[in-house]
Amino acid sequence: MAEMMYWQAILRAHDEELARDPLVFAMGEDIGVAGGTYKATSGLYAKYGPERVIDTPISENSYTGIGVGAAMLGCRPIVEIMSVNFAWLAMDQLMNNAAKIHYMSGGKIRCPFVMRVPGGTAHQLGAQHSARMEKVFMGISGLRVVTPATPRDAYGLLKSAVRSDDPVVLIEHESMYNLKGEVPDEEFFTPLEGVEVMRPGRDLSIFAYNISVHWALQAAERLAKEGIEAEVIDLRALKPLDRAGIAASVRKTHRALIVEEDEAPVGVGAEVMALINEDAFFELDAAPVRVHAKDVPIPYNRRLEKAAIPNADDVVAAAKKLLGK
Amino acid sequence: MEASDRKRLLREMLFARRFEERCAQAYQEREIGGFLHLYPGQEACAIGVLEKARKGQDYVVTGYRDHIHAIQCGADPKEVMAELYGKETGSSRGRGGSMHIYDVDHHFMGGYALVGGPFPLAAGFAKAIKLRGGDEIAICFLGDGANNQGTFHETMNMASLWKLPVLFVCENNLYGIGTAIERASSEINQYLRVAPYKIAASQVDGQDIDVVMAEAEKAITHVREKKEPYFLELMTYRLRGHSMSDSGAYRSKEEVEQWAQRDPIGIFKKRLEEAGIIDAAAFQAMDEEILEQIENEIVRFALASPEPRVEDLERYVYVAEGA
């Protein structure tokens, strides 16, 4: 078991899949010669050449569409979008083509397409580089949406996404590329469906994903010192959501807190709350609570940016509120 | 070209015309729902170009006016009609409809409703062909209206830059939905619009199938041998509206009548008559035989076919495990 950074785990998954299957290729802005904005494809251009590690022009919608077209003929493209806001430009090809082709061809054409996007707010990048688009992706029928919180899952989810015959959007995080974690040496695949219990507990369930898993884990640590045992659940797969896994935790703790980096309206928290309502309402001892970003375009100013995005303190406060403490 | 092939081509064009007219009738009878975009007037384009392609091997994609392109690739017209009737036996098992016909066995990779959406898909097919190392090509049929989308410019740039074997066929019917080309495009000669991308291009009459075939042969040879894109503009006209819900208010009766004089079927029929390949009686017999086939084989099949089961509504959202 080696410790590696999130970006290194993504690089390892790329390298293994490119080596295994000549129909796997990677494309995106600056991923080749420059090695990728977050180094996640560094060295691959020299190893696999320009036909399989492709530097694209700044044309998100059409290079996404080129990936989709190649996938329809059996290739397995890994398309990187440099910053998640830019994925808005690719939504036509992603939503109208990648997500729909298998269904609207009556199952006759498969689209094993992977899009990687670094989501989330980083450090003062402003409103056009700080989007959190999971709510948009998870609202699209036909897509799978997964989001790794650890280097282990950054590797395992990308491996599974490339092998999947469905289109998969993989949401990474700009602030997590240097995060370190243990990744097993042998090849493995993280399932594209299902939650993972990151820390068991009995007093409340904290549902989180991507970077908010870390806020939840920090909060759980602090709560434990006060005698509160929080169960931290990494949702990991946002579409399809594991409703049975969510309900199972609520049945155990009877209290639910959802932590998301995104604004609340029409978000992951709203969806998880709805599922809890539908599947485990009578198990609840208190009304579920959401911790989420303020409903504002992300500001540049450091203090304002910090105030817009939740953190572990907010999770601790919300947990206590949920427990009436 | 052999006389028998020329006669077959005439039959294919007449079949396309009658097939689409029958669709219009079924639409008016409410047997077909949704939007319906028909091909009359443009038959020489798809039929002429695909006559020079390797049908069933080259990968073809188009917009929503797609029935005839699918059939010319080798799709069974019965399955295309059944798709329009929303049946389980349809090309897309009743999940696609008129705008989304597929026939993967014959490499017809679909019709798409978003104008300009297929440009990058076609380039993607060409990318896959290149990675696999085959000598097939991708062929993308779209109208002039699609050239005002960003995907046109983005894809032309990448197709040229990466030397992708893709033939772009622009069926210029002079209207983008209901807006005349000179009101929507600052350069009305569409083939000139790819010049900055260094793509070889030409513009020819799309109503004369002999002209279409001659130019398509050159274009396809260029793409297949040089392994780079080509842009072929065919000047054509649709004799019906954009879709069945088109009022036609944007073009004059005189203009439509003038173009009807250049009906591709009329032009080719006259040429075959002059060459002694067909006469009026034989044409009449051909027409009757087509109408009979459409009614008794094709429409009957669509009518008799079962609808998809409601229990299968969620099937095909994802690829089933083990499928």
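Biologist: In what order do the seven strands of the open sheet in chain A stand?
Modeller: The model is predicted, so to speak of local features needs pLDDT of at least 70, side-chain atom pairs count only at pLDDT 80 or more, totals for chains, interfaces and linings use all residues, and side-chain values use heavy atoms without hydrogens or water. Residues are numbered from 1 along each chain as its sequence is written, while chains are lettered from A and ligands numbered from 1 in the order written. The edge strands, each pairing on one side only, are β3 (53-55) and β12 (237-239) of chain A (strands are DSSP runs of E, at least two residues, and helices runs of H or I, at least four, numbered from the N terminus; pairing takes at least two DSSP bridges). With mixed pairing, the order is β3-β2-β4-β5-β7-β6-β12.

Biologist: Which residue of β7(A) stands opposite Arg116(A)?
Modeller: Strand β5 (residues 114-119) and strand β7 (residues 168-173), both of chain A, pair in the parallel sense over six bridges. Across this pairing, the residue opposite Arg116(A) is Leu170(A).

Biologist: Within what arc do the buried residues of α10(B) fall?
Modeller: In helix α10 (residues 264-274) of chain B, Pro264(B), Ile265(B), Ile267(B), Phe268(B) and Leu272(B) are buried (under 20% relative accessible area, with exposed over 50% and partly exposed in between, for a 1.4 Å probe and protein chains only). These buried residues line one face of the helix, because, seen down the axis of α10(B) and taking directions from the axis to the C-beta atoms, they fall within an arc of 165°.

Biologist: Which residues on the other side of α10(B) are exposed?
Modeller: The buried residues of α10(B) pack against α1 (3-28), α2 (43-51), α8 (209-226) and α11 (280-304) of chain B, contact being heavy atoms within 4.5 Å. On the other side, the exposed residues are Lys270(B) and Glu274(B).
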